[in-house]
Amino acid sequence: VEPITVGIAIGAASALTGYLSYKDLYCRFAECCREEQRLNASALKLELEEKLFGQHLATEVILKALTGFKNNKNPKKPLTLSLHGWAGTGKNFVSQIVAENLHSKGLKSNFVHLFVSTLHFPHEQQIKLYQDQLQGWIRGNVSACASSVFIFDEMDKLHPGVIDAIKPFLDYYEQVDGVSYRKAIFIFLSNAGGDLITKIALDFWRAGRKREDIQLKDLEPVLSVGVFNNKHSGLWHSGLIDRNLIDYFIPFLPLEYRHVKMCIRAEMRARGSVIDEDIVTRVAEEMTFFPKSEKIYSDKGCKTVQSRLDFH
Ligand SMILES: Nc1ncnc2c1ncn2[C@@H]1O[C@H](COP(=O)(O)OP(=O)(O)OP(=O)(O)O)[C@@H](O)[C@H]1O
């Protein structure tokens, strides 16, 4: 008998004789919903600090919101986060990091669900159908796993009203039709409010103040009112805002030239390339910046960095 075969046999036997419970063993091979699993807050902090550039507010609020929520054994409502900002500033990127820290398979997990407005809810005439489907889908998934995560991308392209269908699930009810939604997490992504965020960032810049001095209180109230009154935010006159069901409005600041450079270096590192500062500068200089007079913020954030790098 080969030593390897013996090792496997011993491993299997010890597992079966009680070092690992049946559930542990099962969950090594199949994905399990572990509702009580704690969040590794320091790992999430490290990951956000290392990978997410130029977003001190988003990093701080996301960490605070998730640790508070996951440490609470008895939350009174699901966690709802609304992420706002210009294109390419990291909203999808952060959602992916958050998803991976909650369910290790991230967006591929059976317990993480991504809805894209233009893909899943494209027709204005079908709002009623979408509302029914959305309710059924969320009810089914939360019944199967209470700590399910739902991400709604392109909220600004969602017809007003669709999202209000899930309002009862986001409220302070202990149960709705026998299902508790209190451990679920809902994340909304939107470009709405990007103009308000940029204006405040620009005001700070013009006043010679540091970007890192912008505080949540400078932005959050403006953002919630702005989004509520914006017909194209997906949350126009929404009961979710009206009833204070959104826990955090999280601003993503527009990215500057130095952040774009950081994204380029990160992408080179991810590809296993040696970092060549000449290429970094060349790619960064190909990007376009606004406003016209000062050219501070990247029009597309870090969004086209990957494809531009292919040309160098
Ligand atoms: N702040 C950031 N820090 C690090 N990388 C970033 C950041 N913002 C964007 N990126 C990089 O750019 C890519 C595109 O960004 P992402 O898809 O997160 O933008 P977005 O804000 O969701 O844009 P949109 O509103 O257009 O959907 C990411 O996959 C990531 O590689």
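This is a predicted model: local features need pLDDT of at least 70, side-chain atom pairs count only at pLDDT 80 or more; totals for chains, interfaces and linings use all residues.
Around the ligand stand 18 residues, and the closest are Phe53, Gly88, Lys91, Asn92 and Lys303. Helix α5, which covers residues 91–102, gives the largest share of this shell, namely three residues.

A polar backbone atom of Phe53 lies 2.8 Å from a nitrogen atom of the ligand. For Thr89, a backbone N or O atom is 3.1 Å from a ligand nitrogen, and a polar backbone atom of Gly90 is 3.1 Å from a nitrogen atom of the ligand. Taken alone, the ligand exposes 630 Å², of which the protein buries 84%.

The chain as a whole is divided into domain 1 (1–30), domain 2 (41–252) and domain 3 (257–309). Between the C-alpha centres of domain 1 and domain 2 there are 41 Å.

The backbone also deserves attention. Most residues other than glycine have a negative phi, and most peptide bonds are trans. Glu154, in the loop between β3 (149–153) and α8 (167–170), has a positive phi near 60°. Asp177 is not a glycine either, yet its phi is positive, at about 50°. This residue, Asp177, lies in the loop between α8 and β4 (185–190). Is Asp177 buried or exposed? Its relative accessible area is 67%, so Asp177 counts as exposed, the limit being over 50%.

Finally, the peptide bond from Phe290 to Pro291 is cis, with omega near -5°. Pro291 is found in the loop between β6 (289–290) and β7 (297–298).

How values were computed:
Residues are numbered from 1 along each chain as its sequence is written. Side-chain values use heavy atoms; hydrogens and water are left out. Helices (H or I, at least four residues) and strands (E, at least two) are DSSP runs, numbered from the N terminus. Buried means under 20% relative accessible area, exposed over 50%, partly exposed in between (1.4 Å probe, protein chains only). Domain bounds come from an automatic or database domain assignment. A residue is near a molecule or strand if one of its heavy atoms lies within 4 Å of it. A polar contact is a pair of N or O atoms within 3.5 Å; within protein, one must be able to donate a hydrogen and the other to accept it, and residues adjacent in sequence count only if both atoms are side-chain atoms. Accessible areas come from the Shrake-Rupley method with a 1.4 Å probe; for residues, only the protein chains shown count as cover.
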